[in-house]
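Okay, thanks for coming, everyone. Let's have a look at this one together.

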Amino acid sequence: MIIRNILLLILSIYNITNSFYINGECCNSCRGGGTSKGEINNNNQSKQKNKNTRPTSNPLSKIIPDNIIPIPNDQYSDNPTNPDNTINEQSNNNNVQEPKNETVTPGLKGLQNVGATCYMNAVLQCFSNLPRFRTELLVQYQDLKQNKDEKYKLSFALAEVLQNLWSKNGGKYYSPNNFKDTIGELNHSFKGIAANDPKDLVIFIMQQIHKELNTKESTIATNNNNDRYDFLTEYNSFMDHYKGHNDSIMTNEFHFYTNNMTTCSNCKKTIHSVQTDNILFFPLEEVRKFKGYNNNSVSINDCFEYYERQTYSDYTCNNCNYNCYGNNSTKIVSSAKTLIINLNRGHGIEFDVNITFEEYLYIDKFVHMPNSPKNYELTGVICHIGTNDDGGHFIAYCKNSNNCKWYKFNDTFVIECPFKEVQEKGLPYVLFYSYVEAG
Ligand SMILES: [Zn+2]
């Protein structure tokens with residue numbers, strides 16, 4: 001008890017409110033309790049005793065003051081001292097066990113941190129706020145869940161989370177223990193309490209659920225036919241082949257198609273190669289250099305321009321048989337219904353190139369098929385807050401499809417916020433743009 005009091009005193013001297021880093025781990029919130037349901041009750045008891053700390057299974061036994069680097073309060077806009085949090089705040093207190101019979105507005109439920117899972121919670125909220133995807137997944141879940149087939153493990157686990165997040169019942173937050181266990185079981189890099197990269201989880205979810213729900217027999221991705229000098233021949237051939245082997249809610253919603261072209265410097269013949277992907281990577285520092293900007297800010301439009309840039313490489317042309325150079329470029333042929341963009345920040349996520357973006361995105365000039373999606377609205381942003389690339393904390397900003405308002409999802413905290421905050425606070429890391437009809 002004496003040791004406990006001494007540690008409490010040291011903590012108060014450090015003036016730790018609810019945010020700090022532990023080396024090599026995520027924020028204190030993420031270091032929170034174990035994944036077993038038994039521990040969570042204990043957490044809540046200890047949380048109630050000390051309202052200034054984020055949930056941990058046993059904070060005093062784990063925290064060594066030497067390892068603690070306090071983050072300025074303004075890094076956490078859910079901090080009680082931050083005036084921004086006064087906006088329609090549902091709960092500023094992570095410490096109180098919500099009564100399970102309390103009703104909550106559908107879609108505005110928080111997610112409990114079940115052990116370094118802020119990255120996972122941010123990802124889940126972004127998928128949850130894609131109404132088209134959510135509805136389709138839940139329909140498939142209703143059809144398939146009678147099977148209790150192990151094959152659909154992640155699809156079921158995600159559907160279960162989304163169903164709970166959009167239920168009026170069950171309290172103000174949901175504990176995604178089963179989802180956490182499932183991703184850890186299917187992919188060991190998501191096991192345990194190591195802090196993970198949300199972009200990796202987004203990609204894993206898209207690949208794994210495609211594997212589980214693919215209605216075609218195999219997932220052969222590409223054909224081997226090279227040397228297509230005519231784009232449409234290449235495109236149709238690729239699509240026939242690809243779609244003959246891949247058809248799922250994930251390909252339907254998240255896949256886009258690109259044309260990679262190489263033009264021979266000697267005979268000027270262009271070879272086309274169509275490919276598919278489900279996430280766009282924009283390296284912000286390279287975009288800045290490409291645009292020749294001296295300031296540290298690029299726009300989403302700049303990123304798309306960079307994506308289409310021309311590069312040169314050594315090239316042996318099969319048409320004229322010359323060893324010369326090829327002029328390479330990539331264009332989006334047909335875009336995804338939901339376009340996911342990863343803003344790559346180079347040397348660690350904190351690398352400081354600012355990105356400007358709007359709530360609506362129109363990419364007509366970067367998408368080449370006339371019937372492809374081109375009008376988008378932003379529905380989710382995964383943001384990094386903090387300053388340390390091996391720690392920090394992830395939150396999500398999402399737009400609620402029922403009332404079109406923006407909310408900040410910070411584990412169990414859910415707070416309405418103006419879109420300006422989405423644009424200006426934290427470091428945007430993954431953007432979710434959802435297709436809307438023109439006009
Ligand atoms: Zn040539």
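I'll talk about a pair of helices and then a couple of loop residues. Keep in mind that this is a predicted model.

So, helix 5, residues 131–144, and helix 6, residues 153–165. They pack with their axes 10 Å apart, at an angle of about 120°. Angles of 65 to 115 degrees would count as roughly perpendicular and those over 145 as roughly antiparallel, so helix 5 and helix 6 come out as oblique to each other. Their crossing is left-handed. Who makes the contact? On the helix 5 side you've got R134, L137, L138 and Y141, and on the helix 6 side S155, F156, L158, A159, L162 and Q163. Sorted by class, that contact has 7 nonpolar residues, 2 polar and 1 charged.

Let's stay with helix 6. With 13 residues, helix 6 spans 19 Å from first C-alpha to last, close to the 18 Å you'd expect at 1.5 Å a residue. Quite a list of its residues is buried, including L154, F156, A157, V161 and L165. And what do the buried residues of helix 6 pack against? Helix 5, as well as helix 4, strand 4, helix 7 and helix 8.

Now the loops. K268 sits between strand 5 and strand 6, and its phi is near 70°, positive in a residue that isn't glycine. D411, in the loop between strand 16 and strand 17, also isn't a glycine and has a positive phi of about 50°.

Buried or exposed, these two? K268 is exposed, with 11 other C-beta atoms within 10 Å, while D411 is buried, with 28.

Methods:
Residues numbered from 1 in each chain as written. Predicted model: local features only at pLDDT ≥ 70, side-chain atom pairs only at ≥ 80, totals over all residues. Axes fitted to C-alpha atoms, helices over the stretch in contact; angles between N-to-C directions. Helix = DSSP H or I, 4+ residues; strand = E, 2+ residues; numbered from the N terminus. Parallel < 35°, antiparallel > 145°, perpendicular 65-115°, else oblique. Left-handed = near helix turned anticlockwise from the far one by under 90°. Contact = placed C-beta atoms within 7 Å. Nonpolar A, V, L, I, M, F, W, Y, C, P; charged D, E, K, R; others polar. Expected span 1.5 Å × (residues − 1). Buried ≥ 20, exposed ≤ 12 C-beta atoms within 10 Å, placed from the backbone.
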